[in-house]
Amino acid sequence: MQTLPASHETKVATPDHDVLDVVAQRWSPRAFADRPVEPEKIRRMLEAARWTMSSYNEQPWRYLVAARDRDPDAYERLLGCLTEGNQSWAQNAPVLMMSFYKTAFSGNDQPNRCAPHDVGAASAAMTLQATEMGLFVHQMAGIQPDVVRSTYDVPDGFEPMAGVAVGYLGDPEMLSDGQQASETEPRTRKSLDEFVFQGGWGEPSPLLKTA
Ligand SMILES: Cc1cc2nc3c(=O)[nH]c(=O)nc-3n(C[C@H](O)[C@H](O)[C@H](O)COP(=O)(O)O)c2cc1C
């Protein structure tokens with residue numbers, strides 16, 4: 001894994017407990033370098049998604065992918081499925097993806113409550129794999145689901161979930177002022193005791209206390 005340039009050191013997590021380097025160093029940029037992503041790296045990212053755990057091993061995730069240097073038309077089609085705000089910066093990313101989930105189990109057609117969870121897990125695995133390879137990933141809830149459906153003739157039973165921008169880190173100068181600021185702002189998180197409970201809702205777990 002490559003280390004972040006000094007200008008982006010603020011982006012490295014400041015964890016209270018040791019975590020993997022890829023967890024600490026992953027963050028979601030909006031500035032991407034004008035450098036294509038090697039197809040082998042795209043395949044490795046998708047392979048990491050493939051081997052993600054899922055409820056009943058349903059593997060409800062699906063992905064659309066387009067690399068600008070390989071197929072500019074496919075890339076533009078995918079870019080057009082994002083909200084305008086996200087298009088403004090995601091157009092810097094050399095690779096775009098769109099994630100989907102299948103709403104029902106294939107075996108019995110019963111609703112798969114965990115399908116959105118599982119596509120999120122697959123995208124997280126893909127993201128950490130990307131981080132290990134020196135790439136950056138920025139997921140986007142800001143998509144236009146109706147445009148996605150009509151552009152790709154998405155079959156019934158599949159829901160568009162999130163856009164995904166992928167590439168090498170770029171110079172924040174390419175962004176608008178507001179977007180530039182967030183490229184170097186420190187990343188913040190809730191503390192563990194705000195979301196890990198034991199015994200009752202809101203009761204902090206003694207497991208979180210270090211000796
Ligand atoms: C499912 C999902 C949807 C997101 N949607 C957007 C989005 O539409 N636009 C955007 O600029 N960032 C989006 N983000 C990025 C988050 O804002 C970002 O992950 C969060 O602020 C934490 O920052 P970090 O990823 O750099 O740690 C999204 C992230 C996720 C995981």
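**Briefing: ligand shell, sheet and helix packing**

The largest share of the shell around the ligand, three residues, comes from strand β3 (residues 136–140), where strands (E, at least two residues) and helices (H or I, at least four) are DSSP runs numbered from the N terminus. This is a predicted model, in which local features need pLDDT of at least 70 and side-chain atom pairs count only at pLDDT 80 or more, while totals for chains, interfaces and linings use all residues. Residues are numbered from 1 along each chain as its sequence is written.

**Ligand shell**
- The ligand is surrounded by W27, S28, N86, H138, Q139, M140, A141, G142, A162 and R187, a residue being near when its C-beta atom, placed from the backbone, lies within 6 Å.
- By class, this shell has four nonpolar, five polar and one charged residues, with Ala, Val, Leu, Ile, Met, Phe, Trp, Tyr, Cys and Pro counted as nonpolar, Asp, Glu, Lys and Arg as charged, and the others, Gly among them, as polar.

**Sheet**
- Four strands form an open sheet in the order β1-β2-β4-β3 with antiparallel pairing, two strands being paired if DSSP finds at least two bridges between them.
- Because β1 (61–67) and β3 stand at the edges with a single partner strand each, one side of each is left without a neighbour in the sheet.
- From one strand to the next the twist averages 25 degrees.
- Antiparallel pairing joins β3 to strand β4 (residues 158–167) over five bridges, and Q139 stands opposite V164 in β4.
- Helix α5 packs on the sheet, touching β1, β2 (95–102), β3 and β4, and its direction makes about 150 degrees with that of β2; such angles run from 0 to 180 degrees between N-to-C directions, with axes fitted to C-alpha atoms, for helices over the stretch in contact.

**Helix pair α2 and α5**
- The axes of helix α2 (residues 39–50) and helix α5 (residues 115–132) come within 7 Å and cross at roughly 140 degrees.
- That angle makes α2 oblique to α5, since angles under 35 degrees count as roughly parallel, over 145 as roughly antiparallel, 65 to 115 as roughly perpendicular and the rest as oblique.
- R44, M45, L46, A48 and A49 in α2 meet A122, S123, A125, M126, Q129 and A130 in α5, contact requiring C-beta atoms, placed from the backbone, within 7 Å.
- The residues of this contact divide into eight nonpolar, two polar and one charged.

Terms used: Two residues are in contact if their C-beta atoms, placed from the backbone, lie within 7 Å.
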